[in-house]
Amino acid sequence: MISLRGVSLVYPNGVRALDNVNLEIAKGDFVFLVGDSGTGKSSLLRLLYREAKSTTGEITVDGIRVDRLRRNRIPALRRHLGVVFQDFKLLVDKTVWENVAFAMQVTGAHTRDVMRQVPRVLDLVGLSHKSRMYPGELSGGEQQRTAIARALVNNPKILLCDEPTGNLDPANTTEITALLLRINLKGTTVVVATHNQAVVDRMRRRVVRLEDGRISTDEERGYYYLGLGESQVLSG
Amino acid sequence: MDSGKVKFFLGEVLRNFTRNTGMQMTAIGTVAITIVLLGLFLFVRAAVADAGRQFLDQISVSAYLRADATPAQADAISHFLAQDPRVASVQFVPKKQALAELRQRTQGTIDTALLTENPLPDKFRIKARVTEDVPAIADSVRRLSGVENVVYGQKLVARMLQLGAVLRRVGIAVIVVFFAVAGIIISNTIRLTVFARRREIAIMQLVGATSTYIRLPFICEGLLDGFIGALFAVALLAIARATLWPRLLEALPWAQIAVTPIDPRVLAAELLLVGAAIGVLASWISVGRHLRT
């Protein structure tokens, strides 16, 4: 589903964010990207939805060669992906319903499909009863659930989450993590960049650790801290 | 047709448009001023061209005969001119009549009674069908025997043409400046909207909206600015035409301007089109600049 081969990313200011990264993520995987701030977790996600362009290497996402993608094809790629951020990125002057529907409306969906699909995802994230509220009236967890609903409304095969629990208290963090797991169980490939140790350790999923822009460890059923996992797989 | 889609889109445009009313008014006002100037320019240009045409239409070629020209020569000239397809009319003016005309024209300023003999020659007064042919007709008549001299107000014609050219150049310069100003103000207005909506734009890009789709509401906003501005301008011009124009015609009876030198409906349509075009162009540029970065 996602494949990176020999991927490097050097920003225009000369900072080398990623250095020869090799990573394979299969369909239906749930993967944590961990590592200290500035080790390239976000950069890696940004390459996948082509917010950044790799300097070298091959990137394939759902069969699309992202590293070679022409500018005008980027929207097509992004319709295959859902992306969730630490700061939710909701529109404060739109209701929960409108925020979610927005993602469909601006990609040209038929109103009939919007009316059918939005209640479905709001039900999935458990916000049906708050669909007419504005983001300012919601808790952080509810806001993030709205953002997840928006990311899922176009039925993406892949959900990318950049520190999805970074702004949340432990209770909300648990709630969001459980939701991500549920989404993954429905078949969506989920990639979560985080430095929340508790989440990673509780979930016991695949953990890819980045250090200075390189993958240092890649463990199945891993822990946040290095070497505690049951098996170590070298990817690429 | 998906009416929900249309409603959503129009809602977005309306929200953009009402977000920054002050700036929107400035943009509309500037377009209005620009279009009024353009309209005035086109109108005045048409009026001047019209007046010039009428003036030129009245220009006749005077072919003066030599004092010793024979009646046979005069007949030959008359015959020659009658056969020229460019000539509309030929009139023989004997010297007596010429003197009478002169007396009438200069009544009170020159005492023609002092003249002991008639100093004026016989002449042909020739009118061309098309003003542009006047110099050529003059040339061909000059070569005929018995013709002393040919006069058709060369300098005056040249003056008229020159004046028209200068007017046009000054007018175009002023209008270019105003177009630039209107364009810049609209583009800044749109940029403010773009800035106010940068989060929405970012989300649209994130969920895979095409850049054409993202542009469209802003283009519509620019279109509205331009079109509404032009609408105001056309209304103003229409009022001016209804109230000031008749008075101007009355005040300047000698100007000989046609009542309608230019079809007002055509002019209005052109101005609305131009206004809409400035709006679209300016917003296209400023959104494009945002999307590329």
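This is a predicted model: local features need pLDDT of at least 70, side-chain atom pairs count only at pLDDT 80 or more; totals for chains, interfaces and linings use all residues.
Two strands count as paired here if DSSP finds at least two bridges between them.

Let me begin with chain A. Four of its strands form an open sheet, and their order is E2-E1-E4-E5, with antiparallel pairing.

Next, the contact between the chains. How many residues does each chain contribute? Chain A gives 16 residues and chain B gives 14 residues. On the side of chain A, helix H2 (74–78) and helix H3 (96–105) each supply at least two residues. Sorted by class, the side of chain A that touches chain B comprises seven nonpolar, six polar and three charged residues.

I turn now to chain B, which is divided into two domains: domain 1 covers 3–55 + 168–292, and domain 2 covers 60–152. Their C-alpha centres lie 54 Å apart.

Chain B also has an open sheet of four strands, in the order E2-E3-E1-E4, and the pairing is antiparallel. Its edge positions belong to strand E2 (87–93) and strand E4 (147–151) of chain B, each with a single partner strand, so one side of each has no neighbour in the sheet. From one strand to the next, the twist averages 20°. Strand E1(B), residues 61–65, is connected to E4(B) by four bridges, and these strands run antiparallel. There, B:Tyr64 stands opposite B:Asn149. Helix H3 of chain B, residues 71–83, packs on this sheet and touches E1, E2, E3 and E4 of chain B. The direction of H3(B) makes about 160° with that of E2(B).

Finally, consider two helices of chain B. The axes of H1(B), residues 3–19, and H8(B), residues 211–251, come within 9 Å and cross at roughly 55°. The two helices are therefore oblique to each other, and their crossing is right-handed. Which residues meet there? From H1(B) come B:Glu12, B:Val13, B:Asn16 and B:Phe17, while H8(B) brings B:Pro217, B:Phe218, B:Cys220, B:Glu221 and B:Leu224. By class, this contact has six nonpolar, one polar and two charged residues.

Thank you for your attention.

Conventions: Residues are numbered from 1 along each chain as its sequence is written. Chains are lettered from A and ligands numbered from 1 in the order in which they are written. Axes are lines fitted to C-alpha atoms, for helices over the stretch in contact, and angles run from 0 to 180 degrees between N-to-C directions. Angles under 35 degrees count as roughly parallel, over 145 as roughly antiparallel, 65 to 115 as roughly perpendicular and the rest as oblique. A crossing is left-handed if the near helix is turned anticlockwise from the far one by less than a right angle, and right-handed if clockwise. Two residues are in contact if their C-beta atoms, placed from the backbone, lie within 7 Å. Ala, Val, Leu, Ile, Met, Phe, Trp, Tyr, Cys and Pro count as nonpolar, Asp, Glu, Lys and Arg as charged, and the others, Gly among them, as polar. Domain bounds come from an automatic or database domain assignment.
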